[in-house]
Amino acid sequence: YSIPKDDAKLLFKNFCHNKVIEKTRHYIENKGHTWELDVFHGENKGLIVAEIELDSEAQTFHVPNWVDCEVTDQVEYYNMSLLNKPFKDWA
């Protein structure tokens, strides 16, 4: 549902501590699936993450040659982790 603007401001103030994830999302159709490509800005500039939504873990799909590696279970790529330790601070 749509969050009222005042409620959203309150959520940001109390839970985000003025931190935001800046990114541009692109949608790419590839062999019957839609990939979401997030190009990060600001503190996470240089990071690009692609994801695909599947109906089940068993569903097969084509991995495009522009996908480098699987990061699904790597916590450092989660948005909450990127707020606390942005890409610019990775070794």
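Is Trp90 buried, partly exposed or exposed? At 22% relative accessibility, Trp90 counts as partly exposed (buried is under 20% relative accessible area, exposed over 50%, partly exposed in between, with a 1.4 Å probe and protein chains only).

Before you click on, note that this is a predicted model, where local features need pLDDT of at least 70, side-chain atom pairs count only at pLDDT 80 or more, and totals for chains, interfaces and linings use all residues. Residues are numbered from 1 along each chain as its sequence is written, and side-chain values use heavy atoms, leaving out hydrogens and water.

Next, the aromatic rings. The whole structure holds 4 aromatic pairs (rings of Phe, Tyr and Trp, the latter by its six-membered ring, with centres within 6.5 Å; planes under 30 degrees apart are stacked, over 60 edge-to-face, the rest tilted). Select Trp35 and Phe61: this pair is edge-to-face, 6.0 Å centre to centre with 65° between the planes. Trp35 sits in strand E2 (residues 33–40) and Phe61 in the loop between strand E3 (48–52) and helix H2 (79–84), so the pair ties together parts 26 residues apart in sequence (helices, H or I, of at least four residues and strands, E, of at least two are DSSP runs, numbered from the N terminus). Trp35 is buried at 4% relative accessibility, while Phe61 is partly exposed at 33%. Now select Tyr77 with Trp90: their ring centres are 5.1 Å apart and their planes at 90°, so this pair is edge-to-face. Tyr77 lies in the loop between E3 and H2, and Trp90 in the segment after H2.

Finally, pick Phe15 in helix H1 (residues 5–16). Phe15 is exposed, with a relative accessible area of 59%.
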